[in-house]
Amino acid sequence: MLEQGEFADYTESFPTPRVTQDALPYWGAVKEGRLLFQRCPACRGAIFPPRSICPMCEAGATPAWEESKGAGSIYSYSVVHRPPSAVWRARSPYTIGLVRLDEDWFLFTEIEGKPEDMAVDKRVQVAFPEREVPLPVFRLVSGDAAR
Ligand SMILES: [Zn+2]
C-alpha cells in the first residue's frame with residue numbers, strides 16, 4: 001500500500017500517489033470511500049492540498065479536517081487521446097480536469113463520462129471505483145444541466 005514519500009510509477013501499472021505527511025488523513029479516508037479537505041479555523045478558508053498551516057491568512061492556525069459532500073462542477077478539463085503509458089491507453093479517451101467542490105476547493109482528478117458530454121460548469125459527484133490504486137474520481141451527474 002501507499003507509504004509516505006513513495007513516488008508514482010508511470011510505466012505499466014496505475015500510478016500511485018506520493019503521500020506526504022500532511023496528507024496521510026486524506027489518503028486514509030480515500031481508502032474508506034470518503035473525501036476530506038481542510039478548513040482554517042481562523043479565516044474559514046477551504047484548503048487543499050493538505051497543509052500543516054493555513055496558506056491564506058496570518059493566523060498560523062492548524063487546519064481542521066472536514067468531510068466533503070463530494071459534489072461540485074467542472075472548472076476545466078482535457079480529453080486525453082494519447083495517454084502516457086499502456087495502462088492508460090486501455091482507458092483512452094479519458095478526461096482529466098479541475099473540479100471545483102461546493103465547499104470552494106479544487107481537486108485535479110479524472111472525470112468519468114463520455115468525452116462529448118464534458119463541459120465547463122457541468123455538475124459532478126465523487127466516486128471511488130474499484131481499482132488497484134484507490135483514487136477519488138468524479139462522474140457527471142446525469143440529467144443535470146450546467147448551472
Ligand atoms: Zn486561514
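Residue numbers start from 1 along each chain as its sequence is written. Because the model is predicted, local features need pLDDT of at least 70 and side-chain atom pairs count only at pLDDT 80 or more, while totals for chains, interfaces and linings use all residues.

**Stop 1: the sheet.** Select β1, residues 36–39, and β3, residues 64–67. These strands run antiparallel and are joined by four bridges. Strands here are DSSP E runs of at least two residues, numbered from the N terminus; two strands pair if DSSP finds at least two bridges between them. The open sheet has the order β2-β1-β3. β2 and β3 are its edge strands, each pairing on one side only.

**Stop 2: Arg-39.** Click on Arg-39 in the sheet. Its bridge partner in β3 is Ala-64. In β2, the partner of Arg-39 is Ala-46.

**Stop 3: the turn.** Six residues separate β1 and β2 in their hairpin. Select Arg-44 in the turn: its phi is positive, about 65°.

**Stop 4: Ile-47.** What does Ile-47 touch, leaving aside residues up to four places away in sequence? The list is Phe-37, Gln-38, Arg-39, Cys-40, Cys-54, Pro-55 and Pro-63. Contact requires C-beta atoms, placed from the backbone, within 7 Å.

**Stop 5: the core.** Ile-47 also belongs to the largest nonpolar core, which has 15 residues. Select Ile-47, Ile-74, Val-99, Ile-111, Val-124 and Phe-138, which touch the most other members. Then show β4 (71–80), β5 (94–101), β6 (106–112) and β7 (123–127), the elements giving two or more residues to this core. A nonpolar core is a set of buried Ala, Val, Leu, Ile, Met, Phe, Trp, Tyr and Cys residues joined through C-beta atoms within 7 Å; buried means 20 or more other C-beta atoms within 10 Å of a residue's own, with C-beta atoms placed from the backbone.

Terms used. Buried ≥ 20, exposed ≤ 12 C-beta atoms within 10 Å, placed from the backbone. Contact = placed C-beta atoms within 7 Å.
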